[in-house]
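Subject: Structure handover

Hello,

Here is the structure I promised to pass on. Please open it next to this note and read the two together.

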Amino acid sequence: MKVVLFCGGYGLRMRNGASDDTPKPMAMVGPRPLIWHVMRYYAYFGHTEFILCLGYGAHHIKDFFLNYEETTSNDFVLRGGRTELLSTDIADWTITFAQTGIESPIGERLRRVRHHLDGDEMFLANYADVLTDAPLPLMIDQFARRDAGASMMVVPPQSSFHCVELGEDNLVGGITAVSELPLWENGGYFVLRQEIFDHIPEGGDLVADGCAQLAKQGRLVAHQHRGFWKPTDTVKEKAALDEAYARGERPWAVWERDGVTAHRAGVGAGTA
């Protein structure tokens, strides 16, 4: 299945000043940017056709892949001054780079790459800045068996704040952590059918317009995930992921499981 990645936003909370025009998906986690980690996740499960919805700072993403250095994250042998790779990351990937506008909402970005989907009934979509260990094959299989237009991964609230119940005379009746409330957040991992385009107007949004309309019609399903899920909206969140990577704590790196390569794991998972 093709994977549409939205990577054209400003990412203002991640920037280091006015002169920094690096898009958020290019924030580094370990030796590679966020978008690479997201793409390796999909590739592990056999989905290696990517459509990048570019916008702000697009040249950073283009340059990264045009000048990609496999030796950064793969073992190799240097023999006679020549590099012999023992494994590769992106050799079997197909990446479409599509400029979708600087100011475009996510729904409009999706509309602008529709022709790259070749009419595929189902496809995947992602914000390109959230890492998870969610079981993608299960998410796809559950959606494929449902008569629905879209599936959205949802996660428990991530806030560390508490909600306070107030009674008469401002007496506190109870205190509950937000994370314990019966609420779910949009996790940013989508499985979509072509039907989604029927509900996104020109200049519209994927969630507020497309998914909201499907929800009203009872055609939006949710995949609940209580495992690892981390957004990267701020410098603090990015630093936490980077530090975890350095400690070897990277549950999102499903391609590192069992010591197998991403390619072999992707083939195995994709045919299971």
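First, the ground rules. This is a predicted model, so local features need pLDDT of at least 70 and side-chain atom pairs count only at pLDDT 80 or more, while totals for chains, interfaces and linings use all residues. Residues are numbered from 1 along each chain as its sequence is written, and side-chain values use heavy atoms, with hydrogens and water left out.

Salt bridges

A salt bridge here is a side-chain nitrogen of Lys or Arg within 4 Å of a carboxyl oxygen of Asp or Glu. The count by this rule is 17.

Start with Lys 2 and Asp 120. Their side chains form a salt bridge, at 2.8 Å from N to O. The two residues are 118 apart in the chain: Lys 2 sits in strand S1 (residues 2-7), and Asp 120 in the loop between helix H3 (106-112) and strand S8 (122-126). Helices (H or I, at least four residues) and strands (E, at least two) are DSSP runs, numbered from the N terminus. Lys 2 counts as buried, at 9% relative accessibility. Asp 120 is partly exposed, at 22%. The cut-offs are under 20% relative accessible area for buried, over 50% for exposed and in between for partly exposed (1.4 Å probe, protein chains only). Lys 2 and Asp 120 also belong to a network of salt bridges with Glu 49 and Asp 118.

Next, Arg 193 and Glu 121. Their closest N and O atoms are 3.2 Å apart, in a salt bridge. This pair spans 72 residues, from the loop between H3 and S8 (Glu 121) to strand S13 (residues 185-193), which holds Arg 193. Arg 193 is buried at 11%. Glu 121 is exposed at 52%.

The sheet

An open sheet of seven strands runs in the order S7-S4-S1-S8-S13-S10-S14, with mixed pairing. Two strands pair if DSSP finds at least two bridges between them. S7 (94-99) and S14 (220-224) are the edge strands; each has a single partner strand, so one side of each lacks a neighbour in the sheet. S4 (residues 49-54) and S7 run parallel and are joined by six bridges. In that pairing, Leu 54 stands opposite Gln 99 of S7.

Helix H1 (residues 34-44) lies across S1, S4, S7, S8 and S13.

Best wishes

Conventions:
Contact = heavy atoms within 4.5 Å. Axes fitted to C-alpha atoms, helices over the stretch in contact; angles between N-to-C directions.
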